[in-house]
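Open the model in your viewer and keep the sequence beside it. This tour tells you what to select at each stop.

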Amino acid sequence: MKDAEEFMTIFQGSEAIARERNIRNVAISTLEIDDVLMGCLGVDNLPEDRLMNIGSILQTICYFILLAYRRAEDEQQLAHLSYYDTLTSFYNRNRYIEDMQRMTGKEGSVGIVYLDVNGLKDINDRYGHAFGDKILTVCAERMKQVFQEGSFYRVGGDEFVIICHDVPKERFCQRVNELRAAFKRDALCKAAIGSQWTEKLVDVGQVVANADAQMYEDKKEFYRNNPASKRYRHHSDELLYLTRSGNPQAGNQQKPVCGLSAAEDFLSGPDGSGSGGTDPVPVKGWLPGPSGKFSASAGGVTDSQPD
């Protein structure tokens, strides 16, 4: 642009800038991404002999600016995917593990909710996985509506954790009751819920384990009342009982760190008739105790398959 009038015509509202800089001429290169104008790069008041040659230099600079911009966008997207679940927009298991490590030794009260969607496998088998995904998103929205001050994690296929910091016990318990009531009112979307609140966080793993154990008691009750489900194994009740902390019949009185689905899968066997053998075999972190009964190993059990 060889004069300020052309500059002010193209860039409406730039009269003040033109007067302030006393613009006589200007060379501009645009920054565009997918035909969307992101900005401009320009120089003004160049000598006439340099005005026609500056365009290629500006275009080159814009090219490298756009490369850096796209790289920053890609890195931001990768960082988001590494910590967020794309279906529910909750934090994912990677973020959950990191946050759990950061919570170690942290002062203040904490309330933890462990939630597992009931009957998701039956829903997927009957209505398809797309409908099952909708059920998961509905459950996620319900959790966010009730626990507005919590941090939300999807830690498995149908398993969720809510962590509430510095929330009074009465308010936390009220929110848990509201969440239970919300799921009970729904004819299709059901969930097993366990919770634990502690005034002083000493062992975050134990708090999660306690909430998880309560959740599986709730889940066991659901499948007892819904015998048509393919996922519940009545013969696993004794094993669930034996793994409770403090039970003198248990070979190892340590509470399971996570769920008991792996043990249930072992007991049911590939055809639903049991393991078919007489010797106990360790499966997914479960080890036979001195009495031959199964108990949780130090590594615990992790099972993200929908129950």
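**The whole chain.** Select everything. The accessible surface of the protein chain is about 17,400 Å², and carbon and sulfur atoms account for 51% of it. This is a predicted model. Colour it by secondary structure: the protein chain has 11 helices and 8 strands. Of its 307 residues, 41% are buried. Now think about contacts between residues at least 6 apart in sequence: 59% of them join residues at least 24 apart.

**Confidence.** Colour by pLDDT next. The average for the protein chain is 75, and 69% of the residues score at least 70. Select residues 232-236: here the pLDDT is below 50, and the stretch has 12 contacts in the model beyond near neighbours in sequence. Then select residues 238-305. The pLDDT is below 50 there too, with 110 contacts beyond near neighbours in sequence. Where pLDDT is low, the predicted coordinates should not be read in detail.

Select strand 1 (26-33) and strand 2 (36-44). They pair in the antiparallel sense over 8 bridges. For one of these pairings, pick Leu-31: its bridge partner in strand 2 is Gly-39. Now move to the turn. Strand 1 and strand 2 form a hairpin with 2 residues between them, and Asp-34 in the turn has a positive phi of about 55°. Asp-35 lies in the loop between the two strands. Its phi is also positive, about 65°, although Asp-35 is not a glycine. Is Asp-35 buried or exposed? It is exposed, because its relative accessible area is 75%.

**Helix 4.** Select residues 54-83. Helix 4 has 30 residues and reaches 44 Å from its first C-alpha to its last, close to the 44 Å expected at 1.5 Å a residue. Which residues of helix 4 are buried? They are Ile-54, Leu-58, Cys-62 and Leu-66. An α-helix has 3.6 residues a turn, so residues three or four places apart point the same way. Show what surrounds the buried residues of helix 4: they pack against strand 1, strand 2 and helix 3 (48-51).

**Past helix 4.** Select Asp-85, in the loop between helix 4 and helix 5 (93-103). Asp-85 counts as buried because its relative accessibility is 14%, and the cut-off for buried is under 20%. Show its contacts. Leaving aside neighbours within four places in sequence, Asp-85 touches Phe-90, Tyr-91, Asn-92 and Arg-154.

**Helix 7.** Select residues 129-146 and find Thr-137 in this helix. Thr-137 is partly exposed, because its relative accessible area is 25%. Draw a distance to Ser-89. Thr-137 and Ser-89 are 48 residues apart in sequence, and their C-alpha atoms are 9.0 Å apart in space.

**Another positive phi.** Select Asp-166, in the loop between strand 5 (159-165) and helix 8 (169-185). Asp-166 is not a glycine, yet it has a positive phi of about 55°. At 55% relative accessibility, Asp-166 counts as exposed.

**Cysteines.** Select Cys-139, then Cys-173. Cys-139 is buried, because its relative accessibility is 0%. Cys-173 is partly exposed, at 33%. How many disulfides does a search of the whole structure find? It finds 0.

Note on methods: Residues numbered from 1 in each chain as written. Predicted model: local features only at pLDDT ≥ 70, side-chain atom pairs only at ≥ 80, totals over all residues. Heavy atoms only, no water. Helix = DSSP H or I, 4+ residues; strand = E, 2+ residues; numbered from the N terminus. Buried < 20%, exposed > 50% of the residue type's maximum accessible area, 1.4 Å probe, protein only. Contact = heavy atoms within 4.5 Å. Areas by Shrake-Rupley, 256 points an atom, 1.4 Å probe, with all protein chains shown as cover. Expected span 1.5 Å × (residues − 1). Pairing = 2+ DSSP bridges. Disulfide = S-S within 2.5 Å. pLDDT = per-residue confidence, 0-100.
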